[in-house]
Amino acid sequence: MNLFGMLRAMSLRTKVVLPVSALLIVVILSISILLIRQQATGFRRELETTGETMVRMLAINVESGVLFESKYELEEAMNVLKRFDVVEYASVANNDGEVLAEIGDWLDDYSELSISVIEKNQSTHRDCEHYHIENPHGQEFIELIVPITSRIEQLDRETLGITGFGRALDPAVFTERIGSVRLILSLETVNVAIAEAQKTVMTLTAVVLILSLMILTSFVRFFTRPIRKLVEATDQIGRGDFSRKVDIVQQDEIGQLAATFNRMVDSLKQSRDEIENYNRTLEEKIIERTLELEEAQAQLIQSEKLSAIGQLAAGVAHELNNPLGGILGYTQFALEKLSKVDPEAVKTDDIASYIRYLTDVESQARRCKTIVQNLLRFSRSSRTSELDEVDINRIIDDTCAFVGHQLSMNQIELIVEKQDNLPVIHGNASQLQQVFTNLIINAMHASPPNTRIKLVSRLSPALGEFGGAVEILCVDQGVGMPKEDVKRIFEPFFTTKEVGKGTGLGLSVSYGIIREHGGEIKVDSAPGKGTTFTIILPVQKPATGSDTQSKDFPAATMRKSD
Amino acid sequence: MPAILVIDDSEVIRNLLSDYLTELGHQVDLASDGQQGVEMALQGEYRIVFCDIHMPKKNGWEVYQEVSKIKTQLAFVMTDSLPDELAKMAQEAGARRCLRKPFDLSEVRETVEQILSPAETR
């Protein structure tokens, strides 16, 4: 992470505290270091000034001692120096360098004893030599060397009492160097003082620093706390909790910000509440509409059922009305005629016509009976019935025995092709026989004389999840049907036959029976090309066949095949 | 006596109307579907047509519309097991009479007599 990245990642408080503290530390430290230095320099200068004063005083005091080479006098003059702790060593030498008197110990070998001159200051007075020395032990010293001068006064004429010869003779004073005073002062005391001063300054600096940092931090905290509060509140609101308010009572910009923020939260909350309210209303409306729709749908289904029942009723009525009309009409006709006829004079012709009327009445009544029976069977076929294990080929044999006579009467040949060892089917034998009979009779009605009807049974291989099926085909060479008729072939009361030959219920009953067996019935036909009905019955027991089968009018679940 | 044409796909109704109207002294012709009925009605000279509505090939309405365009004087009696509303619709469509199956023979006689009575202006 680079510096900018780090800066960006820092909290606001850190961003303010860090640079300001750094600046504070630098400034305060610089000031204290400067102070210490100045103080150290001041101490040293003071010592130097003191030293110089001492050495000059000494140089004046020892003048006669040097002139007279009086060791005693010299030592007396120098003994004053012993009172000062800082004086390490002092000596007085004559012009030849010979030490006349000294106090203190000093090994005066610059090169051998590695006393190094670290500074050679030219003193304020030109005649004072000034050295700064440090020995190998790290002790520092100041060395001051001042020449000892002697005044030689030339006496003038006036002094000597000579007043002649004008006044050209001026008094003259000559100074003569007669030796030097050397003073070495220890800087130790000064250094200790300096160190102490340094310590004090450092402690003071530290205290000031810590205090100022504390003040800064709390100051910054004072400023950042409301901001932090704002941040926390924003975070909470971001998570959807609008109950939180920012609690900042200030008159400054942050206070204004908090107030604005609270207003914003209020309006946000209001908007959210409104939206939630809308949502709830919408949900309620959706539920309401869904219920209405469901109700409407239920009503629609109900009316569909009713209309189906109505259609059925209309169909039944229509079918029944013709034979009923015949029965009613012929009975009335016979009664009317008989009421006019003289019983004594009944003609043979009349009797024959009455017989014809009554025969018609009987046959029409039978027709009514058949219609009603079919209707009952039709309604039964849509109900659950017991399924046994049945052998399709046996049912085919039974059916052939039943219809064989009728077929031969109509000069139609029936060919049966049965595949051996067909698996057993779960079914209702009498219902299936009814279906096969119906198919063969239908085929017979559609077939002209001297044609064939073929009945085939065979195994249809297992496909996918299906465990195979048995197929029964009924193929005729009859008139066939157009597409429109094929579409409607399984509708109740739909018939292509002449009136009297069929009720229009046979195939819809058959359809119901096959569906109940979990099977399918399909038709393939074209005008002039005959008709093929295919029944597919699954080998597996229809698990839900009887349950899923509509208990209502089967036309509703009818699946037509084109 | 004027001739009457009966168009009906139901054999028993055809026979019944034929027997009864013949007995009443009318000359009766029979047609077993709509197509045949239209052909016969246009060719023959009939006064009344008894016409079923639900028939193969052509239904009763089609027969009525085709024939009454040309033979405007021909009286149609529609016969069917019509619900009340349908009977009303049939009359609004211009059909003179409707007989609902199963009808009484007396209704047949009255209808014929009414049509043939001098008061009937058609």
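**Entry 1: Glu88(A)**

I looked up Glu88(A) and found it in strand 1 of chain A; helices (H or I, at least four residues) and strands (E, at least two) are DSSP runs, numbered from the N terminus. This is a predicted model, in which local features need pLDDT of at least 70, side-chain atom pairs count only at pLDDT 80 or more, and totals for chains, interfaces and linings use all residues. Residues are numbered from 1 along each chain as its sequence is written, while chains are lettered from A and ligands numbered from 1 in the order in which they are written.

Is Glu88(A) buried or exposed? Glu88(A) is buried, because 21 other C-beta atoms lie within 10 Å. The cut-offs I used: a residue is buried with 20 or more other C-beta atoms within 10 Å of its own, exposed with 12 or fewer, and partly exposed in between, the C-beta atoms being placed from the backbone.

I then listed what Glu88(A) touches, leaving out residues up to four places away in sequence: Gly104(A), Trp106(A), Phe141(A), Ile184(A), Leu185(A) and Ser186(A). Contact here means C-beta atoms, placed from the backbone, within 7 Å. For Glu88(A) and Trp106(A), I noted a separation of 18 residues in sequence and 7.9 Å in space, C-alpha to C-alpha.

**Entry 2: helix 4 of chain A**

I checked helix 4 (residues 71–79) of chain A and found Leu74(A), Ala77(A) and Met78(A) buried. Down the helix axis, the buried residues of helix 4 of chain A fall within an arc of 95°, so they line one face. The arc is taken over the directions from the helix axis to the C-beta atoms. Tyr72(A) and Asn79(A), on the other side of helix 4 of chain A, are exposed. The buried residues pack against helix 2 (12–61), helix 3 (63–67), strand 1 (87–94) and strand 2 (99–103) of chain A.

**Entry 3: chain A as a whole**

I counted 13 helices and 13 strands in chain A. Of the 562 residues in chain A, 23% are buried. Among contacts in chain A between residues at least 6 apart in sequence, 70% join residues at least 24 apart.

**Entry 4: a five-stranded sheet in chain A**

I traced an open sheet of five strands in chain A, with the order 8-10-11-13-12 and mixed pairing. Two strands pair if DSSP finds at least two bridges between them. Strand 8 (412–418) and strand 12 (520–525) of chain A are the edges, each pairing on one side only. From one strand to the next, the twist averages 15°.

Going through the pairs, I found strand 8 of chain A parallel to strand 10 of chain A, with seven bridges. In that pair, Lys418(A) has Ser457(A) in strand 10 of chain A as bridge partner. Strand 10 and strand 11 of chain A run antiparallel and are joined by eight bridges; here the partner of Lys454(A) is Val475(A) in strand 11 of chain A. Strand 12 of chain A and strand 13 (residues 531–538) of chain A are antiparallel over six bridges, and Glu520(A) is bridged to Ile536(A) in strand 13 of chain A.

Which helix packs on the sheet? Helix 10 of chain A does, touching strand 8, strand 10 (451–460), strand 11 (469–476) and strand 13 of chain A. The direction of helix 10 of chain A makes about 20° with that of strand 11 of chain A.

**Entry 5: helix 10 and helix 12 of chain A**

I followed helix 10 (residues 429–446) of chain A to helix 12 (residues 506–516) of chain A, where the axes come within 9 Å and cross at roughly 145°. Axes are lines fitted to C-alpha atoms, for helices over the stretch in contact, and angles run from 0 to 180 degrees between N-to-C directions. From helix 10 of chain A, Gln431(A), Gln434(A), Val435(A), Asn438(A) and Asn442(A) meet Gly506(A), Leu507(A), Ser510(A), Ile513(A) and Ile514(A) in helix 12 of chain A. I sorted this contact by class and got four nonpolar, six polar and no charged residues. Nonpolar covers Ala, Val, Leu, Ile, Met, Phe, Trp, Tyr, Cys and Pro; charged covers Asp, Glu, Lys and Arg; the others, Gly among them, are polar.

**Entry 6: chain B against chain A**

I found 16 residues of chain B in contact with 18 residues of chain A. Helix 1 (residues 11–23) of chain B gives the largest share of the chain B side, seven residues. By class, that side has seven nonpolar, four polar and five charged residues.

Methods
Contact = placed C-beta atoms within 7 Å.
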